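Here are my notes on the model you asked me to look over. They are set out as numbered points for someone who has not seen it before.

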Amino acid sequence: MCGIVGYLGDREALEVLVDSLRRLEYRGYDSAGFASIVRSGGANDLEVRKAPGYIDAMASEMERKGARIGIGHTRWATHGVPNQVNAHPHCSCDGTIAVAHNGIIDNHTTLKDELASKGHEFRSQTDSEVIPHLIEEYYDGDLEEAVARAVERLEGSFAFLAIHRDHPDRIVCYREKSPLVLGKGAGEGFIASDVTALLSYTNSFLYMEDGETAVVKADGISVRNRDGDHVDRTWKLVDWRPEDAEKSGFKHFMIKEIHEQPRSMHQTLAGWMSDEDALPPRLVRARTIKIVSCGTSYHAGLLGKYLFERYAGIPTTVEMASEYRYADRTEEDSLVILISQSGETADTIAAAREAKRRGMFTLAVTNVLGSTISREADHTLYLRSGPEIGVAASKTFTSQVMMMYLLSSTIGHRTGHIGRDEFRKVKDGLRSAIRAVEKVLGDTEAVKAQAEWLSSAHHAFFLGRYINFPAALEASLKMKEISYIHSEGYPAGELKHGPLALLQKDTPVIALISDDHTYSKMLGNIGECAARSSPVLVVAPEGDSEVSRYTDRILRYPWIDPMFSPLAISVTMQLLAYYVADLRGCSIDKPRNLAKSVTVE
Ligand code: F6R
């Protein structure tokens, strides 16, 4: 987690750093800091400013002194509480070297002991502080050489930027299992954890790989690999627009991204049309499928399980990435699908490596071009949702779900499990789901009205069956993470096996129903909840009249083929969580304790 940025060029470095770091705050926002080199009285000064809290609070107070080089950091605390001392950048004893780090140094305790015995004094409780001290230990006038020697001693996952007071012409960066991307402009160089930070400055990027060191100078950027050889990779042009990473008049990124869904869903569908012909044959030969992912991506995977079994007839299991490594089984002819919006989630990446070690074919489904997972997997499918800045996933979820429909039906069609008509019905169904989502977003008043009474709840239950069971889990996750209302998602039939004991008159139940074979059972479950005096909100398709016999709290979504209802329902539930959280005055784009890219295991 944590976001790091670096700039070197003719602009006021702090302006660029503040602006780009603000766009990385989704990666962590406990504290922030900057280091820059300024000329003062004929000498170079290394200036460091850092503070707990959001970047904006400190940025307005920082004096701009015309620095042309600097690094910045926004933190998601792992070692040491979020305070000024633990904020990055960290410095060497003599204050000449500053380092901004993202990741974890596993052997920091040993290194700290060793360096302390050599006289180094540590000020923070962080693991990161060992990096500038190690560089200082090896520094003999050559910053690159000192960094090269330091990284040989580091264990863990880390990407960092280092500057030295006496070398105001360069930033040295290194990547090992944490993302780092280089950007170039005319006479200037940029570094960031993620391209979204830099879209206003450049669209020409080079994704660094593990073991690579880059030296960024105004007249060029050079990259070397672990063996010291020059790396000559093609720079990629990224077609995301800067406005994709702006709020564009919306109050929060999340509500903007919710409203972008008709477009992002279209993009996923259009992208698929160009990708489907190039699917590797191994996908079609899979005898079983294992989907591995975390959080919202896990919920998309759970939905995928029903779809792979329905459209492709392939037995599918879904595992949380953090648990995958503990399973002992080896299934050589299994296809492992790794779903990760960011492509940087440490647990999912570890699962990808484990799956490859076990000899399985791995398919990544991600939104981020050049992300770690896309480089590690045997094949990658891109969501093409556009950048998602809000910490809570919204548009990438609907794209992931669409990808599950597209992939499962294509495999099923190629293996002959479904015929051409059914295959065509899936794409038609997805197009009508996009139209349904457009309608949901066209009139949000009814959702706002339900959000009013829900906003005072302390607990809530979300229920669904079959393909709307994962939708209930996802709706519940959205509600709890952005509104801080404790909520649980359950398969509706499971409620009476325990959780029913918790239902009372102030425990709302939100039931997701569709007009399919689960309908009458869902009505029965709604009745059970209402009988325990729980206020029940039913999310039902337009035209259904039965539900009004059980409750007068009903949210309607446009009628579509029930097989595609999770898409319309999920968008309705994203809106509900958003409006509840807004009424409660929550920090919607940056919920407490969370970060968008979870790069620690
Ligand atoms: C919730 C959310 C998280 C992520 C999870 C996995 O709204 O965004 O639960 O889904 O951290 O992230 P990715 O998909 O980047 O691997």
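**Notes on the predicted model**

1. I begin with the pocket. The model is a predicted one. The lining of the largest pocket consists, by class, of 10 nonpolar, 10 polar and 5 charged residues. The volume of this pocket is about 520 Å³. Of its 25 lining residues, C294, G295, T296, K596 and V598 are the closest to the centre.

2. Several helices and a strand take part in the lining of the largest pocket. At least two lining residues come from each of α9 (295-312), β17 (334-340), α11 (346-357), α13 (395-415) and α16 (468-483). In terms of domains, domain 2 (249-442) and domain 3 (443-586) each provide at least three residues of the lining.

3. As to the overall layout, the domain assignment divides the protein into domain 1 (3-244), domain 2 (249-442) and domain 3 (443-586). The centres of domain 1 and domain 3, taken over C-alpha atoms, are 45 Å apart.

4. Next, the interior. In soluble globular proteins, nonpolar side chains tend to be buried together. Here the largest nonpolar core has 88 residues, and I337, Y405, L407 and M573 are those with the most contacts inside it. Helix α18 (residues 565-583) gives the largest share of this core, 12 residues. The core lies between domain 2 (249-442) and domain 3 (443-586), because both give residues to it.

5. Which residues does I337 contact, leaving aside its neighbours within four places in sequence? They are I289, K290, I291, V292, F308, L363, V365 and L407.

6. T507 is in the loop between β21 (486-491) and β22 (509-512). Is T507 buried or partly exposed? T507 counts as buried because its relative accessibility is 4%, and the cut-off for buried is under 20%. Not counting residues up to four places away in sequence, T507 touches H459, F461, L502, S534 and P535.

7. The other loop residue is G228, found between β13 (220-224) and β14 (236-237). Its relative accessibility is 32%, so G228 counts as partly exposed. G228 and I69 are 159 residues apart along the chain, and their C-alpha atoms are separated by 25 Å.

Notes:
Residues are numbered from 1 along each chain as its sequence is written. This is a predicted model: local features need pLDDT of at least 70, side-chain atom pairs count only at pLDDT 80 or more; totals for chains, interfaces and linings use all residues. Side-chain values use heavy atoms; hydrogens and water are left out. A nonpolar core is a set of buried Ala, Val, Leu, Ile, Met, Phe, Trp, Tyr and Cys residues joined through side-chain atoms within 4.5 Å. Buried means under 20% relative accessible area, exposed over 50%, partly exposed in between (1.4 Å probe, protein chains only). Helices (H or I, at least four residues) and strands (E, at least two) are DSSP runs, numbered from the N terminus. Domain bounds come from an automatic or database domain assignment. Contact means heavy atoms within 4.5 Å. On a 1 Å grid over the protein atoms alone, a cavity is a set of points where a 1.4 Å probe fits but cannot get out, and a pocket is an open set with protein on both sides within 12 Å along at least five of seven lines; lining residues have an atom within 4 Å of a point. Grid points are joined across faces, edges and corners, and a volume is the space filled by probe spheres set on the points. Ala, Val, Leu, Ile, Met, Phe, Trp, Tyr, Cys and Pro count as nonpolar, Asp, Glu, Lys and Arg as charged, and the others, Gly among them, as polar.
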